[in-house]
Amino acid sequence: MKTSLLFAVALLASTCASAAPLRWAAQNDVLTLDPHSQNHSTTTSLMAHAYEGLTRLDAKYEPEPCLATKWTMLSPTLWRFELRKGVKFHDGSPFTADDVVFSHGRVMQPQGNMQIYVTGIKEVKKIDSHTIDLVLSAPTPLLLRNLPNFRIMSKSWAEKNKAQNTQDYKAKEDSYASRNAMGTGPYKIVSWQPDQKMSMVANEDWWDLKNRGNVTEISYLPIKSDSTRVAALLAGDVDLLTDLPTQDVAKLRTDARLKVIEGAENRTIFIAMDLGSDELRGASVKGKNPFKDKRVREALSIAIDREAIKRTIMRGHSIPAALMVPPSVNGNTPDIDTPAKPDLARAKALLTEAGYGSGFEVPFHCPNNRYVNDEETCVAVVSMWAKLDIKARLIAAPWSQHTQTYQRGEAALYLLGWGVATFDGQYTLQDIIRTRTTGPDGHSNFSKVSDARIDQLVDAMKVETDVAKRNAQIREALLRVRDEVLFIPLHHQMRPWAMRANIEAPHRANDSPLSWRTYVK
């Protein structure tokens, strides 16, 4: 990236006195720079600085124009999009319909896991250089909400650099697109040293300059250690901290040099179980899979004291969960999102009835640098299960290793968090719960869940345009996931951010700071 780096230095040298750098720290790094490879929120948040979609979500999380300026539904299965003229990629080449057609073909390649964002799109047809038609396989109610994360890549750039294929991350593939980025977005990524630093500079040719803040340079710093991140903020070495340790929130609120803002994140932390294999990988039980028995799943769930986790580990910064989607998401209502109270006596009885009264041993995979107090939460769960003689052998690993393990199907039991980019329950139900087939359906269903009724409901909600009917389908599906204990939700994550007092950055429920809307005073 030498050429890009020299350009960045020259650009920074020429910026006016009001130009401001932003040093942003969080606990984990992006997995890749390939915008079509990994549906991982840190990765998608950082990639949103460089790559854009046809639409984007406004301050109220409603779709608004981005690379498309206008759209018209010509029929329930045919939408025409007028593309923004005059937009340039970071290398100065023009953005056209060819890039959208190319990007659709690329994101649909099976080795990536971003297909959920193009669900329902059968074909992208070029009408002219700045007009496309999206041909749908059926009416698609979430179309405009999905498109922000269908990121557009330059066809000519990809072909020039032999990056026509999406990176196969789970196979540990390294490619030009996984190490370099070139989009139309508000910032140019000029360097990335994995697990150390990502550097970005403002794109002075961005089409939306009139709505941009004054941040002209961004340094993103992945710092795994909680204490080190907080120390960097207190020392003035970091301006914005979005992974704030819960134990430090009260202390940081009292520091006049800082301010703390917080809100509920649209993310649910849960435990996934291998429900499809005939034998659990690494478990003491041989020749069968205990997790196929609902009684075992229910026992594991009601052995967990979610309020204790909220009180002692999360320091009040969590919402105990019964559903797989958080309160900000369409489909969640308080009346169905109340978890059962812990009941060890019933849990033991269920295990005994299922034939596992003496318990069993199983590996439990957990990330140690991804979610708020993730490893600590896993340790607490292990101790709670131990009261049932369930010996969960904790395997804690950095996120980059953890995600490869479960995506390869090598985790019998694992902790995961799921944000809802569309703010609609279908996103979670279709991507990680529906039976895996082809395309977006069940593409991230790595725990091999398969339930015929849920499949019927998901397939119906994907095409249902009557809002009341569709919401009823989402509710029924979420209740079935809950009542069949297909996953074990723990809590919906709260997300406090800390920043220097001169920073103006609105809190976002999707945990994605809009650096291009941020001001340094």
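Leaving aside its neighbours within four places in sequence, which residues is Asn373 in contact with? In this predicted model, the contacts of Asn373 are Asp226, Thr246, Gln247, Ile313 and Met314, once neighbours within four places in sequence are left aside. Asn373 has its place in the loop between strand 14 and helix 12, and with a relative accessible area of 8% this residue is buried.

**Nonpolar cores**

- The largest nonpolar core has 139 residues, and those with the most contacts inside it are Phe81, Leu134, Met198, Ile271, Phe291, Phe364 and Trp385.
- Helix 12, which spans residues 374-386, gives the most to this core, contributing 6 residues.
- Apart from this core lies another one, of 14 residues, which includes Leu221, Val238, Leu244 and Val249.
- In soluble globular proteins, nonpolar side chains tend to be buried together.
- Leu134 is in contact with Thr77, Leu78, Trp79, Phe81, Ile121, Glu123, Val124, Leu143 and Leu147, when its neighbours within four places in sequence are left aside.

**Aromatic pairs and charges over rings**

- Across the whole structure, a search finds 17 aromatic pairs.
- Trp24 and Tyr220 make an edge-to-face pair, because their ring centres are 5.0 Å apart and their planes stand at 80°.
- This pair links distant parts of the chain, with Trp24 in strand 1 (residues 20-26) and Tyr220 in strand 10 (residues 215-222), 196 residues apart.
- Both partners are covered: Trp24 is buried with a relative accessible area of 3%, and Tyr220 is buried with a relative accessible area of 1%.
- Phe270 and Phe487 also form an edge-to-face aromatic pair, at 5.4 Å centre to centre and with 85° between the planes.
- Here too distant parts of the chain are linked, since Phe270 belongs to strand 12 (residues 258-273), while Phe487 lies in the loop between helix 16 (467-483) and strand 17 (488-500), 217 residues apart.
- Phe270 and Phe487 are both buried.
- Tyr371, Trp399, Tyr406, Tyr414 and Phe446 are linked into a cluster by ring pairs, and the charged end of Arg370 sits over the ring of Trp399, 5.7 Å from its centre.
- Arg84 lies over the face of Trp207, at 3.8 Å from the ring centre.

**The disulfide**

- A search of the whole structure finds 1 disulfide, formed by Cys366 and Cys378, whose sulfur atoms are 2.2 Å apart.
- The link of Cys366 and Cys378 is right-handed, with 90° about the S-S bond.
- Cys366 lies in strand 14 (residues 360-367) and Cys378 in helix 12, so the pair ties together parts that are 12 residues apart in sequence.
- Cys366 counts as buried at 0% relative accessibility, and Cys378 likewise counts as buried, at 1%.
- Cys66 is buried as well, with a relative accessible area of 2%.

- Helix 3 (residues 97-107) has 8 of its 11 residues buried, so it is largely enclosed by the rest of the structure.
- The buried residues of helix 3 are Ala97, Asp99, Val100, Phe102, Ser103, His104, Arg106 and Val107, and what covers them includes strand 5 (78-83), strand 6 (121-128), strand 7 (131-136), helix 5 (155-160) and helix 6 (176-179).
- Helix 14 (residues 426-433) is mostly covered, with 8 of its 8 residues buried.
- Those residues of helix 14 are Gln426, Tyr427, Thr428, Leu429, Gln430, Asp431, Ile432 and Ile433.
- The cover over the buried residues of helix 14 includes strand 12, strand 16 (413-419), helix 15 (452-461) and helix 16.

**A buried glutamine**

- Gln167 is found in the loop between helix 5 and helix 6, and with a relative accessible area of 4% this residue is buried.
- A polar atom of the Gln167 side chain lies 2.8 Å from the backbone oxygen of Glu173.
- Leaving aside neighbours within four places in sequence, Gln167 is in contact with Thr32, Asp34, Ser37, Arg106, Gln111, Glu173, Ser175 and Ser178; one of these, Arg106, is among the buried residues of helix 3.

How values were computed
Residues are numbered from 1 along each chain as its sequence is written. This is a predicted model: local features need pLDDT of at least 70, side-chain atom pairs count only at pLDDT 80 or more; totals for chains, interfaces and linings use all residues. Side-chain values use heavy atoms; hydrogens and water are left out. A nonpolar core is a set of buried Ala, Val, Leu, Ile, Met, Phe, Trp, Tyr and Cys residues joined through side-chain atoms within 4.5 Å. Buried means under 20% relative accessible area, exposed over 50%, partly exposed in between (1.4 Å probe, protein chains only). Helices (H or I, at least four residues) and strands (E, at least two) are DSSP runs, numbered from the N terminus. Contact means heavy atoms within 4.5 Å. Rings of Phe, Tyr and Trp (its six-membered ring) pair if their centres lie within 6.5 Å; planes under 30 degrees apart count as stacked, over 60 as edge-to-face and the rest as tilted. A charge sits over a ring if NZ of Lys or CZ of Arg is within 6 Å of the ring centre and within 35 degrees of the ring normal. A disulfide is a pair of cysteine sulfur atoms within 2.5 Å. A polar contact is a pair of N or O atoms within 3.5 Å; within protein, one must be able to donate a hydrogen and the other to accept it, and residues adjacent in sequence count only if both atoms are side-chain atoms.
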